[in-house]
Amino acid sequence: GSTTTTNDDDDDNDAIRQFNELREITKPLVTGAAEIPAMAMRPGSTALIPLLRYLPALFSIISNGVEASTGSFSPYINGPIYKVTNKWLRDWLDALAFSLSGLPADRTSAGAMAYVLFDMHRDGAALDYPKGGLGEVVKALVYGVEQPTKQLNKTLGSKVNLRHHVESIDTTDDGKRVTGLTVRRQVGGKKIIVKATDGVICNAPMWSLRKLIKNEMALDILSGGKEDYSLGSATVANQSWITDSAIDPNTGRGSAIRPMSRLQTSNGEISSTSTANNLLEKCDTAEMTGSFLHLHVALDAKNLDLDSLEPHYTVMARGLEGDDTVINGVPDGPCGELNMIAVSNPCVLDRTLAPEGYVIVHAYGAGNEPYDIWQKQSTKNVTTTNLEDDEQGIDNSAFSGKRYQSSTYDALKNARGEPLWRAIESVIPDARERTVLALLGSPLTHERYLRRPYGTYGAAFEDCLKDGSTPIPNLMLAGDGVFPGIGIPAVALSGASAANGMVNFIEQWKCLDKLKSQKLIV
């Protein structure tokens, strides 16, 4: 008999071939980076010096060119390094990218994409979840700050202070150095001056930097001498998502990721290149990715076979390719509004995360919930209170400045939460009947409780600062607005780099020697 090959078989083989070729081409980005520890990073003009310890790995990383190694994944998917032509594979790469950055693959870090291609698709690969819940990650980060260290026979210690609102980053009168912080306690509102020994590392969202600096001389330095005080802080960052105001978000989809260059404004015009030496303008105008919709539920687990379930699911509400809807000229796909929904079911791994007889499930749309629809809809028939007067003492007034208490807001949450419920029900069909508690968080929740301007996931990768150095030598920046961008590992790396920037490279080199002698790094 004869064997007939269908077009689908050809497409499948083509996708596999291109995928394997892409993995091979991007492999140096992963293998090289794995040999360079985060503690070798530092910002500024001396950044290369500690990396001289790892020259073979460094050469491996930059084998396709420095820009291709530290830039976006675009050259690896759109050419010239490699061009992915298979439609299914492009959708799959966009889905992987979107879960990392809230943007398509060609606008996501090449290093992050290479890691996912290499590590997540190896034999035996799995998504890890910390025993004890994600709070254990926070505890580990806190321990990293608070663990005692010895220096010159003295034991030094640091402390993470909660419920201390940062009013300002203080500077000398001439603005050339930072001197510490002014903070306000949540309880009682007492202001405290915290003096810095060496400097300040700021990991507040990059869009918040301007409002934290009160000294006009310092503002002028941070703007490269181009500060226009008549503008104040009125500049509004570009949003990744564009929303059709004619669509009712309670009943339909009306938002899509804006198909635009990072040099374009929201009006589609090419923006000024004046940001080249203007750190404040870079921070103010950096593109904000979308926000989140979260659904946390506690379920009665009676007769529920947990062992038959997975700890994590990715549910594509309308399929990987999306549906036929076109919004603002943008076709649906893996990055479409509330299409990709993650469902976390951690009790499969750790039964102690919920009381006996119950399980917790968390569903969320990662970076695919636009802020605009909440900002517009929530002002209808709304009763507001200033956040500064709220019993929680959380001051977010620089952003929305209000907390929402309205039937309109609740109705919008219920309507927008339906795709999350359906995602959970695709795993546990009777989830609603089992529910004993359900909590839904919106972009406004992110904005208020996490101090995220416009509830954003973080900065678009191409608008991230190349490192945390600033024109004020003892002020360093870290966080998801600094290379390598969004995500706990990336932010931890930018934090390590900023910390190293507070000491000279000789001290850092000695620290690397010590870590190597303890076999903590290679």
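Which residues form a nonpolar patch on the surface?

## A surface patch

This structure is a predicted model. Its surface carries a nonpolar patch formed by Leu48, Leu52, Leu55, Phe59 and Trp509. Together these residues have about 460 Å² of accessible area. One of them, Leu48, belongs to helix α2, which covers residues 48-51.

## The open sheet

Five strands make up an open sheet, in the order β10-β13-β14-β9-β17. The pairing in this sheet is antiparallel. In general, strands of a sheet pair through backbone hydrogen bonds, and the pairing can be parallel or antiparallel.

The edges of the sheet are β10 (312-316) and β17 (435-441). Each of these has a single partner strand, so one side of each has no neighbour in the sheet. From one strand to the next, the twist averages 15 degrees.

## The β9-β14 pair

Within the sheet, strand β9 (residues 291-300) and strand β14 (residues 358-369) run antiparallel and are joined by nine bridges. Leu299 has Val359 of β14 opposite.

Thr445 sits in helix α16, residues 443-449. Is Thr445 buried, partly exposed or exposed? Thr445 is partly exposed, because its relative accessible area is 26%, and the partly exposed class lies between under 20% (buried) and over 50% (exposed).

Apart from neighbours within four places in sequence, Thr445 is in contact with Tyr409 and Leu450. His294 is 151 residues away from Thr445 along the chain, yet the C-alpha atoms of the two are separated by 9.5 Å.

Note on methods: Residues are numbered from 1 along each chain as its sequence is written. This is a predicted model: local features need pLDDT of at least 70, side-chain atom pairs count only at pLDDT 80 or more; totals for chains, interfaces and linings use all residues. Side-chain values use heavy atoms; hydrogens and water are left out. Patches are made of residues with over 30% relative accessible area and no salt bridge: like charges are joined within 9 Å, nonpolar side chains (Val, Leu, Ile, Met, Phe, Trp, Tyr) within 5 Å. Accessible areas come from the Shrake-Rupley method with a 1.4 Å probe; for residues, only the protein chains shown count as cover. A salt bridge is a side-chain nitrogen of Lys or Arg within 4 Å of a carboxyl oxygen of Asp or Glu. Helices (H or I, at least four residues) and strands (E, at least two) are DSSP runs, numbered from the N terminus. Buried means under 20% relative accessible area, exposed over 50%, partly exposed in between (1.4 Å probe, protein chains only). Contact means heavy atoms within 4.5 Å. Two strands pair if DSSP finds at least two bridges between them. Axes are lines fitted to C-alpha atoms, for helices over the stretch in contact, and angles run from 0 to 180 degrees between N-to-C directions.
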